[in-house]
Amino acid sequence: MPLIALKAQVHADPQTEAVLKDAMFCATKVYNGLLWHLRREYEETGKVDISRKNLNRILKELPRAKGYYSMSVQLTRDEVREAYRSFFALKKKGIKQHEAPGFRRKGCLSPLKYVQSGFKIDGDRVTLSLGTGREDGVKQVSFRISQRPDVEYDRVRELSIIYDKVSGRIEARLMVEVKPCENNGTGKVAVDLGETILMACVFDDGTVLLYSGRMIKAIRRYWQKVRANLQQNSRRWKQVAHLEKKQVEQLLHVATSHFIAECVRRGVKEIAIGDLNGIREGIDYGDRLNQRLHTWPYRKLVNMLKYKGALVGITVRDDIDEENTSKTCHACGTVSSSNRKHRGLYVCSCGWKAQADINGALNIYEKVYQVSPVKGSSGRVTRPAVVSFLLGWHGVAEPKRRNKALRASA
Ligand SMILES: [Zn+2]
């Protein structure tokens, strides 16, 4: 059964809100407490023991661990283990900027996580169990949540209560099981993600849909410039980052909803997307943070496709190794990075000329499904039928005037 993530607003009276915040504060204290003990152990012994046994032993010394639900405490413990694991992995790889997992700072509240137990949802009413040893004696709290009305789900598998530092609001994240729609389609589509062309999508019949990434690019550039003049992580900086995120997300919703609707119309059952390592577009992202910042809209986009797809019975594969798909000529198979000519056009000496992202998407398709949607049995390659779309706040539109690169590929 497909799982999808839902965001929900929390509506709680001030008293309940204070209790929730206090429970989150306990979770932060527990997180930091575990880190503190691990660091001290490291100083004394030169080793970090992140076994459950050792962490459980430390938990017994942390009084705040009784301030929230016992299973959630174990999930906080697992968060610490996860942080250390990825730290070890980076260290092993020899990546320079590694640092031991850091303490959660003032103003940052750890999430309260519930998996399968400790919570009850009845309509829009949520009841949460808290710790058995809270100073205020509160054992459980109850409040109302609201989320997007168009998703019907069978069961809530996971629930997290989160504090959004920027807005100062408490939010809920739900992982819900949904009944997938009947989908008798057999179609497939390959998607190449990029900056100028957000998505180049190739269907079985050789049809190509292009979603322009220009507006998202412009928004990101604009806010980045605004942010450049602000002190990093200041209040205003965070507000700006939040605005940028909201605007980009809105456009991603528009694009993904339109594309999924097209997939349904064309009987698609599976979407194949290249891994996000392929997204660089010639810019050198020195450190990992920059790379992360750069790829977040794509990670977000893939997640949107996953959950919107799940609702209509379409599976999304995002594990395809993109290596060379942008450099390979789809017609003759020559691998040459110099073939990627300016204005996003891929030109090969064999005579093949195509918009570079279309060429990439065709290669992803062939890589995954071992057949090309535009190659005949004789090996002759036909030009794909291309439809391009501009993204607007309220929907997608076909551009009136096609730019040269697109015209050349059509
Ligand atoms: Zn060629």
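Before anything else, a term: helices (H or I, at least four residues) and strands (E, at least two) are DSSP runs, numbered from the N terminus. Some notes from my look at the chain follow.

1. Ground rules. This is a predicted model, where local features need pLDDT of at least 70 and side-chain atom pairs count only at pLDDT 80 or more, while totals for chains, interfaces and linings use all residues. Residues are numbered from 1 along each chain as its sequence is written.

2. Domains. The protein chain is split into domain 1 (3-177) and domain 2 (187-409), with bounds that come from an automatic or database domain assignment. Their C-alpha centres are 35 Å apart.

3. Helix α1. Residues 14-45 make up this helix, 32 of them, and the end-to-end C-alpha distance is 46 Å, close to the 46 Å expected at 1.5 Å a residue (the expected span is 1.5 Å times one less than the number of residues). Buried residues of α1 include Val19, Leu20, Ala23, Met24 and Leu38; buried here is 20 or more other C-beta atoms within 10 Å of a residue's own, exposed is 12 or fewer, and partly exposed is in between, with C-beta atoms placed from the backbone. The buried residues of α1 pack against α2 (52-60), α3 (70-93), β2, β5, β6 (155-164) and β7 (169-177).

4. The antiparallel sheet. Seven strands run in the order β2-β6-β7-β1-β5-β4-β3, as an open sheet with antiparallel pairing; two strands pair if DSSP finds at least two bridges between them. β2 (112-115) and β3 (119-122) are the edges, each pairing on one side only. On average, neighbouring strands of this sheet are turned by 30° against each other, direction ignored.

5. Gln147, a residue worth a click. It sits in strand β5 (residues 140-147). Strand β1 (residues 3-11) runs antiparallel to β5, joined by 4 bridges, and Ala8 stands opposite Gln147. Beyond its neighbours within four places in sequence, Gln147 is in contact with Leu6, Lys7 and Ala8 (contact: C-beta atoms, placed from the backbone, within 7 Å). Gln9 is 138 residues away along the chain, yet its C-alpha is 6.3 Å from that of Gln147. Why is Gln147 classed as partly exposed? Because it has 17 C-beta neighbours inside 10 Å.

6. The mixed sheet. The other one I'd check is an open sheet of 7 strands, β12-β11-β8-β9-β10-β16-β17, with mixed pairing. Its edge strands are β12 (315-320) and β17 (396-397), each with pairing on one side only. Within it, β9 (residues 197-203) and β10 (residues 207-212) run antiparallel with 5 bridges between them, and Ile197 has Ser212 as its bridge partner in β10.

7. The α4/α5 pair. Helix α4 (residues 214-228) and helix α5 (residues 235-265) have axes that come within 10 Å and cross at roughly 180°. Axes are lines fitted to C-alpha atoms, for helices over the stretch in contact, and angles run from 0 to 180 degrees between N-to-C directions. The two helices are therefore roughly antiparallel, the label for angles over 145 degrees. Residues making the contact include Trp223 of α4 and Trp237 of α5.

8. Helix α7. The 14 residues of α7 (residues 356-369) should span 20 Å at 1.5 Å a residue, and the end C-alpha atoms are 20 Å apart, which agrees. This helix is mostly covered, with 11 of its 14 residues buried, among them Ile358, Leu362 and Tyr365. Gln370 follows α7, and its phi is positive, near 55°.

How values were computed: Two residues are in contact if their C-beta atoms, placed from the backbone, lie within 7 Å. Angles under 35 degrees count as roughly parallel, over 145 as roughly antiparallel, 65 to 115 as roughly perpendicular and the rest as oblique.
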